[in-house]
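Me: I am new to this structure. Could you walk me through how to read it?

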Amino acid sequence: MSTDRRKKRLDRKLKAQSDGLYALSSWTAMGYLMFPRALLIFGLLLLPLFLDMYWQRVLCSAGVYALLALSFDFLAEYVGLVCLGGALFIGVGGYISGTLNMYLGWPPLFCIATATVTGAIISTLILLPSLRLRGIYFAIISFMFPMFAVYIIIALNVLGGTEGVSGLETLQNIWVEQYLILGIVLVSLFAIRRLVNEDTGLILRAIKDNDQAVKASGISITAYKIKALLIASLIGCFAGAYMSHLYGWLGISLFSMDFSILPIAAAVMGGMGSLTGPALGAFILTPLSETLRGFGQLRVVLYSLILIAFIIYKPEGIMNYIGRKYHQFEHWEKF
Amino acid sequence: MDIIIYGIVNSIVFALIATGFNLVYGVSRIPNFAHGSIYILAGFMTWSFIHDLKMHYVFSVLLSLCISALIGLIIYRFILIRLRGIATSEIIASFSVGMVILEGLRMQGIGGFKGFIGPFYELQPFIEGKVQLLGVLLDYQRLIIIIGGSVLLSLLWIFTGHTKTGLSLRAIAQDEQAAMMLGINSDRVAMISMSIGSALAGLAAVMILPLGNITPEMGYKVLIYALAVCVVGGLGSWLGVIFAAFIIGFAMKISTVLFGALWESVVLVGTIILVLLVKPSGLLGKQKEFEERV
């Protein structure tokens with residue numbers, strides 16, 4: 001059956017016209033390029049206006065997961081470092097920001113900014129010894145770090161120990177909270193999309209595909225891996241710092257498995273490598289798991305099942321699928 | 001003396017936990033992140049068979065071992081077989097299977113299922129009582145772990161080195177293409193290794209779990225320990241695993257005696273980072289070390 005029929009895919013005419021600089025010469029081509037981007041930007045920015053208080057909070061935490069999914073996707077697909085320990089970034093960022101706020105009394109926004117930078121440097125330093133590893137070895141090591149961080153905090157009994165610290169200052173109001181996170185999601189999304197198409201991104205992808213060749217070209221792969229890790233952990237640590245001020249609370253559950261797994265599920269569901277997909281996946285999965293909160297552990301089971309189903313039956317993910325439909329038309333053809 | 005005897009017990013526990021994971025990875029290059037959950041599942045199944053179905057102890061242990069082997073086989077046959085060779089997807093898929101099992105065990109109230117939460121899930125030891133060994137009081141279960149563990153590890157060594165199935169496992173591990181040309185079915189061998197690995201996880205569970213309570217959270221910890229031992233020893237290396245198990249086992253025992261129980265995890269991290277800094281391929285990892293790891 002499949003021997004005499006095959007699916008033929010061709011780029012749309014508009015897609016060909018809007019490639020390159022000539023897109024500027026036609027409004028249709030410009031519109032074709034602008035439409036998905038505008039839809040994403042205005043969709044996200046207008047979304048808070050239609051939600052009630054509860055779902056606005058959910059939107060904020062969806063933003064946190066979107067940032068994590070973005071940094072996971074960037075590291076996994078463009079650098080080849082599969083980081084299963086996204087919770088490390090959340091925990092480090094959250095703890096630094098919370099501690100600054102609690103013990104030094106700095107205002108939240110300032111804390112978040114400081115925690116983003118110092119947290120990124122610290123988590124990069126933590127992961128530095130394991131950067132020489134590749135593939136599953138890096139995945140294994142990065143998976144262990146958040147758990148160890150929990151053990152260390154419990155063992156030393158510092159920073160609130162097992163109970164955590166509550167009563168952190170939150171941001172002014174829910175609107176500031178929402179637009180801060182949505183703005184950062186959009187900015188980092190477009191920044192990373194730009195970055196991976198620059199020369200640096202080319203080198204990073206080359207490291208993923210064949211690091212020996214990159215080495216042979218006289219480029220230090222470790223230096224580039226450190227840069228990429230720093231970028232990813234900046235995003236992750238911002239999410240963590242923001243998280244601790246969103247709930248006004250910090251504790252060892254900032255290192256919990258949720259922050260490592262849900263972003264990965266979102267990335268797989270949204271489409272690995274598309275960068276937009278993981279962010280969108282997070283905005284779909286988080287409300288879904290929120291509605292299932294009443295069922296307790298069932299939601300973890302459910303998103304693990306979604307993850308398995310997508311990875312087996314639809315490995316390309318939602319965003320790549322939509323992108324294909326948007327740019328190409330396809331039909332069955334006999335041969 | 002105390003440190004030596006309990007250190008040995010600790011080390012053999014680590015070796016038992018890690019062998020299953022190591023076997024699967026060494027043979028079929030599949031990182032089985034569902035290892036910890038199969039371990040816990042085997043423990044709960046044994047408990048359930050004894051207390052809910054009132055089965056005999058030995059019989060329920062055997063039954064749960066068979067079921068865990070079957071689960072490993074199913075995981076490979078229906079999920080991992082489609083993802084062979086894509087390391088990222090293998091990790092994510094097997095880890096999600098593990099999550100489904102572990103979190104499923106904690107799920108409450110669906111179909112009258114109470115969920116395995118709480119401190120009252122305990123397996124009884126094979127033989128009750130304690131024995132005086134070289135001036136140290138040791139209970140029989142720990143003695144069984146030492147003896148049974150050593151016997152099991154040497155049996156496995158004989159199995160992989162001197163039987164036909166074992167040799168075909170090693171052939172696939174060394175050179176998959178050449179082994180396939182000689183008529184070894186790679187998928188079948190990987191399936192066998194998955195089920196043996198899962199059965200080993202179950203066996204480790206029924207030997208070790210009588211020492212304490214069974215909780216689903218332990219699944220993650222077991223996975224971490226298995227990974228730690230394999231990373232330190234070098235994935236896919238037999239001797240390395242035993243060696244690493246002894247290093248980590250003794251390091252943790254000594255730190256517990258010197259600083260207290262809370263510090264053992266900190267020492268574990270320290271050991272791993274130190275080994276990675278000095279020798280990123282693990283202590284005795286040789287297999288395809290250069291292309292894969294660094």
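Reply: Happy to! A residue is buried if 20 or more other C-beta atoms, placed from the backbone, lie within 10 Å of its own, exposed if 12 or fewer, and partly exposed in between. Helices (H or I, at least four residues) and strands (E, at least two) are DSSP runs, numbered from the N terminus. This is a predicted model, where local features need pLDDT of at least 70, side-chain atom pairs count only at pLDDT 80 or more, and totals for chains, interfaces and linings use all residues. Residues are numbered from 1 along each chain as its sequence is written, with chains lettered from A and ligands numbered from 1 in the order in which they are written.

Me: How many residues of strand S4 of chain A are buried?

Reply: The count is 0 among the 7 residues of S4(A), 328–334, a strand that is hardly covered.

Me: Which strand pairs with S4(A)?

Reply: Two strands pair if DSSP finds at least two bridges between them. Here S1(A), residues 5–11, runs antiparallel to S4(A), with 7 bridges. Arg6(A) sits opposite Glu333(A) of S4(A).

Me: What about the phi of Leu275(A)?

Reply: Most residues other than glycine have a negative phi. Leu275(A), not a glycine, has a positive phi of about 65°. Leu275(A) lies in the loop between H11 and helix H12 (276–291) of chain A.

Me: Is Leu275(A) buried or exposed?

Reply: Leu275(A) is buried, because 24 other C-beta atoms lie within 10 Å.

Me: How many residues of chain A are in contact with chain B?

Reply: Contact means that C-beta atoms, placed from the backbone, lie within 7 Å. By that rule 35 residues of chain A meet 35 of chain B.

Conventions: Two residues are in contact if their C-beta atoms, placed from the backbone, lie within 7 Å.
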